[in-house]
Amino acid sequence: MQLTLSNVRHILLWCLLFTFFLSITIFEAFVVIYLLVLLYDEIKNKNLKGILTAPIFTYIIPGLLSSILFNISKINHAIEELVFMLLYLAKNYLDIDYMKFAKAVNLYLILLGLPLSFIALYNLKSKGYEMILFGGAFDSGFIFSMIAFSSIGIFLYKKDWKRFFFLGLFLLYSLMVVFSTKRSDLLGFLAGLSVFLSASLGSYSKKLVLSILAASVLVLSIGGFYVFRKDPRFDVIVKILKHEKITTKELNTVSSLRYKIMIHAFRVIRNDIKNKNIPAILIGHGVRSGVKLDPKLGLEKFESFEAISEYIEKGLIGLIGLLWFYWRVLKFSFSLKALKPEDFLFIPFVATMIYQLFGSLFTFFWSLYLPLILLLFGIAENYYEKR
């Protein structure tokens, strides 16, 4: 077989899928190679088509500028967190059989989930927290969410009795998401499931989909209660639900210090306004600039509520770009309708992006897996556009 540029793009896409759970170093090496291929494609064809193109550039340009101007020592992180997002544009140059690709990816992820579940459960028992081959609980929560979305997608696509095997795996992988013990993972996972519900309304068995979602919520609720019942944050949440007064210390406990970081971020913003620091107000202080900011907090990243965290690093323009990004994704995702069973093969790619949107509300938008998430979303975008 002759190795064409089209084949190289396809191979690189699968290299990303084969390495994202294995080693982030190898994964990012393939991202860089793919970006070089994309650069060649853009120079030759200049195809910037995509509903997320303008929001992405509006988001990343202020962050890159502020990092170069104010925090050049962290420019490698700025490239990783911002430039890597441009892999989304690779969707414009993929020449693939969309149906064959989506079916293969979903089945691959589902099968991958079985050995990863054994590894995660072993680590949970031996180390006291869930992880897979690298990283921590957040990484596990994302990966099992992604795999669970593929499981429910294949279940809704198939018509024979074998589909119930995939339903069982979906419930297993949902439980693995719970074992991550991360609230952001649970929030992102539930948000991703809502895309399946939205897509199925009016075009599929509502009772079937509602019963599946009810079962998954039940699994998440029971599993979540079991996991979190000894967590000190659980007691504070109960107090909040009972409308009892809570202390600042308890507020920091339940928010994992995000409340404290938010108050400190407001002091930084107030100083910028007071000193008329227009560049910082418009384009931010740069990626991982926390240790240089006044007043000092001693953290590279102001990991608080997403809008505040992103504003500190990328300023008002970057925040507008992020909000624009959210709007475009939400509008596209919740306007989808699965008109035929095959459409459910692509809903997992969209649900994974929704997971990222909601799972990052209390952190930062960036994640290690963002290039892959964006590219798969772009493939789904292409499919629905052609449909």
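Predicted model: local features only at pLDDT ≥ 70, side-chain atom pairs only at ≥ 80, totals over all residues.
**Overall make-up**

The protein chain has 16 helices and zero strands. It holds 387 residues, and 54% of them are buried. Among contacts with a separation of 6 or more, 78% link residues 24 or more positions apart. The chain exposes about 17500 Å². Carbon and sulfur atoms supply 69% of that area.

**Helix H12**

H12 runs over residues 258–274, 17 residues in total. From first C-alpha to last it reaches 24 Å. That is close to the 24 Å expected at 1.5 Å a residue.

Which residues of H12 are buried? They are Arg 258, Ile 261, Met 262, His 264, Ala 265, Val 268, Ile 269 and Asp 272. These residues cover an arc of only 165° around the axis, so they sit on the same side of H12.

What do the buried residues pack against? Their partners are helix H8 (183–200), helix H13 (278–283) and helix H14 (306–333). The face turned away from the buried side carries Arg 270 and Lys 274, both exposed. After H12 comes Lys 276, with a positive phi near 50°.

**A nonpolar patch**

Ile 278, Leu 282, Leu 316, Ile 317 and Ile 320 make a nonpolar surface patch of about 400 Å². H13 and H14 are the elements that give two or more residues to this patch. The largest share, three residues, comes from H14.

One of the patch residues is Leu 316, found in helix H14. Is Leu 316 buried, partly exposed or exposed? Its relative accessibility is 39%, so Leu 316 counts as partly exposed; the cut-offs are under 20% for buried and over 50% for exposed.

**Asp 95**

Asp 95 lies in the loop between helix H4 (75–81) and helix H5 (98–127). Its relative accessible area is 62%, which means that Asp 95 is exposed. How far is Asp 95 from His 10? The two are 85 residues apart in sequence, yet 7.9 Å apart in space, C-alpha to C-alpha.

**Two residues side by side**

| Residue | Relative accessible area | Class |
|---|---|---|
| Leu 316 | 39% | partly exposed |
| Asp 95 | 62% | exposed |

Notes:
Residues numbered from 1 in each chain as written. Heavy atoms only, no water. Helix = DSSP H or I, 4+ residues; strand = E, 2+ residues; numbered from the N terminus. Expected span 1.5 Å × (residues − 1). Buried < 20%, exposed > 50% of the residue type's maximum accessible area, 1.4 Å probe, protein only. Arc of directions from axis to C-beta. Contact = heavy atoms within 4.5 Å. Patch = residues over 30% accessible without salt bridge, like charges linked within 9 Å, V, L, I, M, F, W, Y side chains within 5 Å. Areas by Shrake-Rupley, 256 points an atom, 1.4 Å probe, with all protein chains shown as cover. Salt bridge = Lys/Arg side-chain N within 4 Å of Asp/Glu carboxyl O.
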